[in-house]
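Hello,

Here is the structure I promised to pass on to you. Have a look at it first, and then read on for what turned up.

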Amino acid sequence: ARRQQRIGDSQRTISARAALDHYFQLSRTQEPAAGPVPHLEPPRIARDTQEQRPDEIVEVSDSDSSTSEEEEEAVEAAAPLLPSAQETPPAASSGVHLSNAFFSFQPEKNLGPSVPVAALDEEEGDTCAICFEQWTNAGDHRLSALRCGHLFGYTCIERWLKGQAGKCPQCNKKAKRSDIVILYARALKALDTSEQERMRSSLEKEQMLRRQAELESAQSRLQLQVLTDECSKLRKQVQELKALVSQYNVSASQQPGSSRTCLPGSLPSSQSQRKYHLEKVFLVSQTGNCRVMAYCDSLSCLVVSQPSPQSTFIPGCGVKMMSLANLKSSQYIPIHSKQIRGLAFGTRADGLLLSAALDSTLKLTSLATNTVVQTYNAGRPVWSCCWCLDDTNYVYAGLVNGSIMIYDLRDTNSHVQELVPQKSRCPMVSLSYLPRMASASLPYGGILAGTLEGACFWEQKAGNSYRPHHLPLEPGGCIDLQTEINTRHCLATYRPGKNNPCVRCVMMELTCSPLTEASEDVVCSSNPVQTFSAGPTCKLLTKNAIFQSPEDDGSVFVCAGDEASNSALLWDAGSGSLLQKLPADLPVLDICPLEVNQTHLLATLTEKMVNIYKWQ
């Protein structure tokens with residue numbers, strides 16, 4: 001009975017195999033249908049296997065001697081029809097072998113829909129997980145990875161780690177910028193941007209060339225503007241010279257036999273009956289130590305040097321502003337760390353104040369913002385300063401060793417030229433600039449420099465070169481040298497000496513004569529015209545003034561401080577007579593003539609006060 005039961009089971013197994021082989025043969029020779037493929041009675045096989053007892057299944061699969069020859073032939077016939085002969089065990093039992101073969105084949109029926117899913121994953125593997133753009137093999141968005149292995153574009157993951165809490169965007173593992181690794185793998189698909197990078201490099205190069213061309217064009221336009229201004233100045237000088245020549249010819253034709261009865265450089269006397277009257281008194285500093293002052297015509301502002309009123313909090317020295325439009329004092333501006341020796345305003349309309357001090361600096365201060373806008377370190381104490389009236393881009397500084405430093409405001413680093421003294425190296429006590437103008441005595445422009453030993457006129461030549469001309473002054477004792485631009489006169493002040501017991505102010509006319517008959521070079525000199533005497537005391541280095549009369553009648557006034565009487569003396573340069581004596585509380589240190597709203601004023605400075613006099 002047991003043997004018959006085994007034979008029946010074997011016949012059922014063979015019939016199931018035959019049906020399964022028939023299915024495999026159809027699936028290889030025919031295309032799969034669009035609809036679902038019918039199953040070949042898996043429930044029956046499973047039910048038949050479940051009905052068998054465990055001990056019978058083990059007995060059938062483990063006995064090799066009791067297997068019939070038909071069963072072996074059926075197994076051998078069914079084996080080649082299986083999908084893979086290598087995956088089928090050669091000595092497996094019939095029941096277990098069929099069930100495993102059937103269920104191992106079942107997932108292969110779903111291979112159709114799995115192909116597009118893999119393609120979709122492949123497409124997603126080409127893009128950055130942050131910006132969803134394809135990464136590249138060059139440039140800023142090149143392929144990079146973190147320690148965790150996730151791939152991103154370099155710029156995206158760099159910005160991510162900067163803005164986030166230092167974690168990977170996909171797995172949330174800790175990461176930092178140093179963990180970013182640039183990949184150089186050929187097997188990964190990346191967008192080729194080499195041509196784009198070449199085009200970008202070409203674009204940057206073209207932009208750089210364009211900027212360079214624009215810069216050269218701007219420089220050319222600036223040079224053209226400078227040359228145009230220079231040409232206009234030369235044309236103006238030519239017109240003035242023509243006017244002088246025509247005027248001389250007319251006067252010569254009208255008076256052919258007349259001769260000049262007055263001395264060269266003599267001036268007409270003033271016939272006015274008006275005088276200077278005290279208008280306002282300003283208290284600048286209660287502690288004293290005021291030194292120099294200067295007037296800004298464009299702002300109607302007078303600035304006076306003084307020490308800091310709050311030296312504990314703001315040490316050093318600065319200037320105090322005074323408005324002459326309403327005769328009111330304004331605020332204090334700190335500038336230097338030591339005493340200020342020179343102040344000057346140019347012809348610029350922006351109100352830049354040039355200041356020189358003993359702290360070895362030359363500074364430019366804007367009165368519009370009350371701040372220092374430029375500082376030059378001269379290396380030595382600066383005693384005087386002035387502007388170039390022919391070109392407002394240049395300023396001059398007189399040093400303690402007698403040298404003159406030339407600075408270009410367009411060069412903020414250091415000086416552009418140094419004029420070395422020819423003789424003794426004495427402090428440069430005064431410095432002024434004479435502009436070019438059509439003058440019969442001295443048409444050339446240049447720097448008039450005065451030291452304690454003498455004076456020198458530096459003639460400005462073409463190409464910003466300078467030629468020195470030593471003026472014949474009295475040796476020693478010169479404490480100040482001032483100029484009158486329009487009449488080409490200068491005023492030299494001398495201390496009392498053995499031969500002259502009083503302070504003397506000598507007015508001289510600046511002249512020039514050709515070096516030789518065939519040479520274009522000239523020799524500049526000075527001729528004394530008038531001498532004015534003051535008191536016998538001179539302990540301070542005071543600054544005097546020479547200026548045209550407020551009456552505009554061609555006469556010239558000379559004003560100088562007198563330490564013996566604590567006053568300022570006013571003379572008429574044409575006649576040499578004393579016009580006025582302007583009293584002060586202390587010795588007068590500086591004198592400044594000015595004009596405000598067609599009103600002529602005269603300011604005198606002492607150590608503490610400023611007196612304003614009005615011409616009326």
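A residue is called buried when its relative accessible area is under 20%, exposed when that value is over 50%, and partly exposed in between. Please also keep in mind that this is a predicted model.

Let me begin with the salt bridges. How many salt bridges does a search of the whole structure find? The search gives 11. Side chains of opposite charge can pair when their charged atoms come close.

One of these salt bridges joins Arg 274 and Glu 551, with 2.9 Å from N to O. Arg 274 sits in the loop between α8 (194-254) and β4 (276-283), while Glu 551 is in the loop between β25 and β26, so this pair ties together parts that are 277 residues apart in sequence. Arg 274 has a relative accessibility of 41%, so it counts as partly exposed. Glu 551, at 26%, is partly exposed as well.

Another salt bridge is formed by Asp 390 and Arg 436, whose closest N and O atoms are 3.6 Å apart. Asp 390 belongs to the loop between β13 (382-387) and β14 (394-399), and Arg 436 to the loop between β17 (428-434) and β18 (446-451), so parts that are 46 residues apart in sequence are tied together. Is Asp 390 buried or partly exposed? Its relative accessible area is 14%, so Asp 390 is buried, whereas Arg 436 is partly exposed at 27%.

Arg 177 and Glu 158 make a salt bridge too, with 2.7 Å between the closest N and O atoms. Here Arg 177 lies in the loop between α7 (154-163) and β3 (181-182), and Glu 158 lies in helix α7, 19 residues apart. Arg 177 is partly exposed at 46%, but Glu 158 is buried at 15%.

Next, the surface. Asp 297, Asp 552, Asp 553 and Glu 595 form a negative patch there. Asp 553 is found in the loop between β25 (545-548) and β26 (556-562), and with a relative accessible area of 36% Asp 553 is partly exposed.

Now for the strands. β19 (residues 455-460) and β20 (residues 466-471) pair in the antiparallel sense over 6 bridges. Glu 459 has Arg 467 in β20 as its bridge partner. The hairpin has 5 residues between the strands, and Gly 463 takes a positive phi near 75 degrees in it.

Finally, look at Val 303 in strand β6 (residues 301-307). Val 303 is buried, at 0% relative accessibility. Its C-alpha atom is 9.8 Å from that of Leu 367, which is 64 residues away along the chain.

Enjoy exploring!

Best wishes

Definitions and conventions
Residues numbered from 1 in each chain as written. Predicted model: local features only at pLDDT ≥ 70, side-chain atom pairs only at ≥ 80, totals over all residues. Heavy atoms only, no water. Pairing = 2+ DSSP bridges. Helix = DSSP H or I, 4+ residues; strand = E, 2+ residues; numbered from the N terminus. Patch = residues over 30% accessible without salt bridge, like charges linked within 9 Å, V, L, I, M, F, W, Y side chains within 5 Å. Areas by Shrake-Rupley, 256 points an atom, 1.4 Å probe, with all protein chains shown as cover. Salt bridge = Lys/Arg side-chain N within 4 Å of Asp/Glu carboxyl O. Lys, Arg positive; Asp, Glu negative; His and termini not counted. Charge placed at Lys NZ, Arg CZ, Asp CG, Glu CD. Buried < 20%, exposed > 50% of the residue type's maximum accessible area, 1.4 Å probe, protein only.
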